[in-house]
Every structure is written in C-alpha cells, then in structure tokens.
Amino acid sequence: MEYDAGLINRLNHMARKIRKDVIVSVGIGVAGHIGGSCSAADIVTALYFYKMRHDPANPAMRDRDRFLLSKGHVAILQYAALAEAGYFPVEDLKTTKKIGSYLQGHPDVQKTPGIEAGTGSLGQGISIGLGMALGLRADGLDSRVYVLCGDGEMAEGQIWEAAIAASVYKADNLVVILDKNGLQATGKTRERFNTDPLPEKWRGFGWNVMEIDGHDMEEILTALDMADFAREQPTIIIAHTIKGKGISFAENVVSFHNGILTEETYRKAIAELSLEE
C-alpha cells in the first residue's frame, strides 16, 4: 500500500511530540516507564491519529473502535496520545501520578476519558479485548478492538488461553500489536523467559500473523490496514522496536524500563525530541 508523504510526515511528527509528552509526564527525579512508552509511540500514534474510529468529544460513542493497553505500566504513552487527540488538556500531563490526579500510574477506566479498561496486571489485555470484540460482533457493530502487549508479557499463561479462545471464536475484529523491543524490567527477554519463536507460535494458535518494523510508519499503517481483510482469524502484528526509541541515552538500556531522569537527562531528552519541530 502507498501512503501520502504528507500523512507519513505528520504522523512521524506526532510520534515525536508524544515521546516528548512522555518525558514531560515523567518529569525529574521520579521513576517512569520511558523505555516501553517510546518503543510503542509510533504504533500508538498510528492507531489514534490514522486508524481508529473515535471521538474525543464523545468517548462513549457506541460504534467507536477500542484500544486496550495490556502493558498498562506504560500508561503515560496512552495519556500522551489521548491528550494530543483532545480528550483532555496536554498541560494536565504534568500531573501524572500525583495525588488527586486523574492520570495515575496505570490506566483507570473510572477516572480518565478515553480509557476502556483498567490494565497493567500483565496478561489480561487480550482476554478483555476478546470479550469486547465478541460483544461488538453480537451487537452487529463493525467496530474493531486493538490490544497493545509487551514481549515480556508473553510469559503470562493467560495470553495463550486468550489466543486459543480468540481463534476458536474466529474473532477477526480483534487485532493485537506486540511491542517486541527485546527488553523487560530485569534484562533481555530471551535471557529471562524466552518465548521465541513467536511468529510460529501465534500461527500455530490459528492467528493471522504479520511482522513489521515498529518504527517504520508506512509498515505500521500497511499492517493495520491489511488486518481489516482477515477473515475468521484474529490478527497479531509483531512489531520489532527499540526500547527508549528517540532518546539516545535510553535506547536499548534496561534501566530505562522504569527510569529516573535527572535535570540534565530530562533537558537532553527534551532537546533531542525537539530537534525536528
């Protein structure tokens, strides 16, 4: 598929802006999940600003597409996208994780506009998404459900129970995007709990499988659009990414899974993400 160069440039620009918002949300001297937020920023940008049907003025719109952040510890990424989309003021990102704020460390469906479910207890997102997808189908709606998972999360048994069920029920309105950045909280995923080879496993479970460069916007858009044509199969898009993408000192660095920024590193990150504005 071919896409207008202006569209790609606008989406890439928004992805940089969202990464910058992530840094603003974390601030100085407080731990925040920078690495996994930045690795998935291009994917989340493509969903909110290209692919999904949604309305910030009407978050409960009946026929909206749903997005579930299964790896809910990177809530700051979704908050940034929601703010830039107009669900709440961008300025409020500075209140993230503060007492009384509606932007807490994990998504809260009862407090934050645009959140579909409380997530972050890893492994549950696909199960919740499957329930939503089957409910939408039963209601005769053509809405789709998108679930973002992490590769460390693949060690959770509930992931595979949901994978079997989604295949059995032929949930072709369910799309999972796997942020495969190769790192988890304590090191490389292959050295902690190796779940490879993932493409073969998901095919064996009856899914439509695609692999992409998770930082190539055209590849992301193509995969999301191709998923629309899957019939009687759920889709998983395995996106190969770089943890901490866009911030030179954080790229592929395990400590930035949940890292703390000093004033110096905060300013450096902001400067790097502002270069092309």
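Visitor: Is the crossing of helix 3 and helix 9 left-handed or right-handed?

Guide: The crossing of helix 3 and helix 9 is right-handed, a term used when the near helix is turned clockwise from the far one by less than a right angle, anticlockwise being left-handed. This is a predicted model, in which local features need pLDDT of at least 70 and side-chain atom pairs pLDDT 80 or more, while totals for chains, interfaces and linings use all residues. Residues are numbered from 1 along each chain as its sequence is written, and side-chain values use heavy atoms, without hydrogens and water.

Visitor: Which residues make the contact?

Guide: Contact (heavy atoms within 4.5 Å) involves Asp42, Ile43, Thr45, Ala46, Leu47, Tyr50 and Lys51 of helix 3 and Met217, Ile220, Leu221, Leu224 and Asp225 of helix 9. Eight of these residues are nonpolar, one is polar and three are charged.

Visitor: What lines the largest cavity?

Guide: Asp151, Lys180, Thr189, Arg190, Phe193, Asn194, Thr195, Asp196 and Leu198 line the largest cavity, where lining means an atom within 4 Å of a point on a 1 Å grid, and a cavity is a set of points where a 1.4 Å probe fits but cannot get out. The largest cavity holds about 50 Å³ of space.

Technical notes: Helices (H or I, at least four residues) and strands (E, at least two) are DSSP runs, numbered from the N terminus. Ala, Val, Leu, Ile, Met, Phe, Trp, Tyr, Cys and Pro count as nonpolar, Asp, Glu, Lys and Arg as charged, and the others, Gly among them, as polar. On a 1 Å grid over the protein atoms alone, a cavity is a set of points where a 1.4 Å probe fits but cannot get out, and a pocket is an open set with protein on both sides within 12 Å along at least five of seven lines; lining residues have an atom within 4 Å of a point. Grid points are joined across faces, edges and corners, and a volume is the space filled by probe spheres set on the points.
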